[in-house]
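Please open the model in a viewer and keep the selection tool at hand.

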Amino acid sequence: MKKVFVKSYGCQMNVYDAERMADMLATEGYSETKAMEEADLVILNTCHIREKAAEKVYSELGRVRELKQEREAAGQETRIVVAGCVAQAEGKEILRRQPAVDVVVGPQNYHRLPDLLKKSRSERLVDTEFPIEDKFDHLPAPSKAKTISRGVSAFLTIQEGCDKFCTFCVVPYTRGAEVSRPVARILDEAHRLADAGVRELTLIGQNVNAYHGEGPDGAVWSLGRLLRRLAEVPGIARLRYTTSHPRDMDEELIAAHGDLPALMPYLHLPVQSGSDRILDAMNRKHTGDEYRRLIERIRKVQPDLALSSDFIVGFPGETDQDFEDTMRLVADIGFASSFSFKYSPRPGTPAAEMGEQVAEAVKAERLSRLQNLLETQRQAFNHGTVGQTLDVLLEKPGRHPGQIAGKSPYLQAVQFESDVHRIGEIVTVRIVRAGSNSLFGEWVKPGDRAAA
Ligand code: SAH
Ligand code: SF4
Ligand code: F3S
């Protein structure tokens with residue numbers, strides 16, 4: 001049997017796509033391997049979001065090329081595919097920069113991989129046209145055993161692409177226009193996952209709360225409505241969605257946070273900056289105060305809500321005052337977790353052409369101040385859960401024998417001693433200690449709950 005090795009960079013969309021590529025290649029006789037050295041086919045599923053991410057691909061390709069040569073000397077063939085967002089953005093350039101690459105395929109075209117692999121025997125190929133057909137209609141489902149091996153928490157792509165055109169971002173160019181999958185397809189996939197023991201679904205998309213898919217009734221369904229329907233799928237106990245744009249949090253979605261117990265009280269809602277001037281230049285189409293008011297509205301229906309966000313420092317024209325506005329917004333809201341980045345100019349995006357690019361040293365200083373504040377908030381949030389009882393979805397054996405590990409509603413890793421529980425169960429755990437990256441707790445037996 002031939003072996004395929006897939007390495008993914010970037011966001012959850014790529015993680016999901018990597019699984020679907022592996023599923024498709026399984027029907028072509030490839031089994032998945034975690035060791036690149038033994039792979040007959042190596043796929044790098046790439047990310048173009050920041051310069052560093054894109055450059056990483058070329059250094060990795062250099063290593064894969066050496067491997068290809070070593071295997072060739074031993075009489076074994078290795079084929080190399082570059083997929084994902086760098087493939088989409090750079091296309092032919094990749095073939096030019098790395099002669100060992102056989103196929104370059106964009107994120108909307110990977111359903112054609114088997115065909116491309118065959119055709120590339122006679123010439124090296126690039127496929128980055130946005131196709132008319134929907135790739136999801138051409139992707140086979142994995143075997144039940146495969147789904148089980150991937151665990152009790154699964155990603156499900158419901159929407160792809162983005163029409164927002166934030167001035168710093170490559171996604172609308174690499175992933176194309178916003179498209180929602182029909183409700184019926186999503187439900188089929190959810191049922192298939194639940195049948196294989198999946199308890200938690202994370203609905204993913206570049207701009208997932210802009211979801212507007214065709215419902216079984218012919219009407220257009222919003223994300224709020226879709227979540228309500230998914231909560232009825234037997235076996236599914238937890239729902240999450242990511243990533244969202246503040247502009248697309250509609251009433252139906254906010255209401256779902258109040259009255260859908262399966263919808264976890266944890267929301268990734270990137271704000272990027274706290275300065276109105278910079279938000280405007282980023283084309284985010286909302287102000288810092290509008291974000292604050294939005295959070296208040298969601299917290300009104302779901303007081304337990306914990307938040308996470310993305311931030312960019314050093315966007316062109318960002319002054320000290322703009323940066324202080326970001327620090328103030330962070331202090332006002334309080335985030336349980338966050339990602340923050342130095343602005344990285346991306347070819348073809350409007351912000352890359354703007355004057356007043358911020359000096360690297362200033363970006364570094366701002367990033368370090370922001371990250372200190374965010375880390376303090378993260379630790380405070382984690383320590384705040386000590387003494388509380390939290391529902392934990394059990395995902396895998398813990399670090400030490402006799403331990404079991406799972407996730408809290410707030411996506412925190414939780415470990416506790418137990419030899420009676422099974423993966424996939426949701427149990428009540430009293431948190432006794434917060435480490436730097438996980439919480440430690442004790443199982444609260446159902447009868448003990450009143451005493452807890
Ligand atoms: N769709 C998501 C973002 C996807 S990209 C959203 O709208 O929130 C993930 C994060 O990368 C962004 O939220 C942003 O913080 C960061 N990012 C995107 N482009 C960037 C750039 N050019 N430089 C630095 N960070 C960037
Ligand atoms: Fe990029 Fe903005 Fe779209 Fe997010 S909403 S993917 S940051 S353009
Ligand atoms: Fe990167 Fe593409 Fe995701 S650029 S963040 S892999 S959508």
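Domain bounds, as used here, come from an automatic or database domain assignment. The model itself is predicted. For the protein chain, the assignment gives domain 1 (2-133), domain 2 (141-264), domain 3 (298-383) and domain 4 (389-448).

Select domain 1 and domain 3 and colour them separately. Their centres, taken over C-alpha atoms, are separated by 33 Å. Five residues from domain 1 and four residues from domain 3 take part in the contact. The area buried between domain 1 and domain 3 is about 430 Å², with 49% given by carbon and sulfur atoms. Next, display His 48, Arg 50 and Glu 51, the residues of domain 1 that lose the most area to domain 3; together they account for 86% of what that side buries. Between domain 1 and domain 3 there are three residue pairs in polar contact and zero salt bridges.

Now select Asp 322, found in helix 13 (residues 320-333). Is Asp 322 buried or exposed? Asp 322 counts as buried because its relative accessibility is 4%, and buried means under 20%. A polar atom of the Asp 322 side chain lies 2.9 Å from the backbone nitrogen of Thr 319. Beyond neighbours within four places in sequence, Asp 322 is in contact with Ser 275, Arg 277, Ile 278 and Gly 317.

Finally, move to Arg 181, in the loop between strand 9 (179-180) and helix 8 (183-195). Arg 181 is buried, with a relative accessible area of 7%. Its side chain makes a polar contact with the side chain of Tyr 16 (3.5 Å). Leaving aside neighbours within four places in sequence, the residues in contact with Arg 181 include Phe 136, Leu 156, Glu 189 and Tyr 211.

Methods: Residues numbered from 1 in each chain as written. Chains lettered and ligands numbered in written order. Predicted model: local features only at pLDDT ≥ 70, side-chain atom pairs only at ≥ 80, totals over all residues. Heavy atoms only, no water. Helix = DSSP H or I, 4+ residues; strand = E, 2+ residues; numbered from the N terminus. Buried < 20%, exposed > 50% of the residue type's maximum accessible area, 1.4 Å probe, protein only. Polar contact = N/O pair within 3.5 Å; in protein donor to acceptor, adjacent residues only side chain to side chain. Contact = heavy atoms within 4.5 Å. Buried area = accessible area lost by both parts, 1.4 Å probe. Salt bridge = Lys/Arg side-chain N within 4 Å of Asp/Glu carboxyl O.
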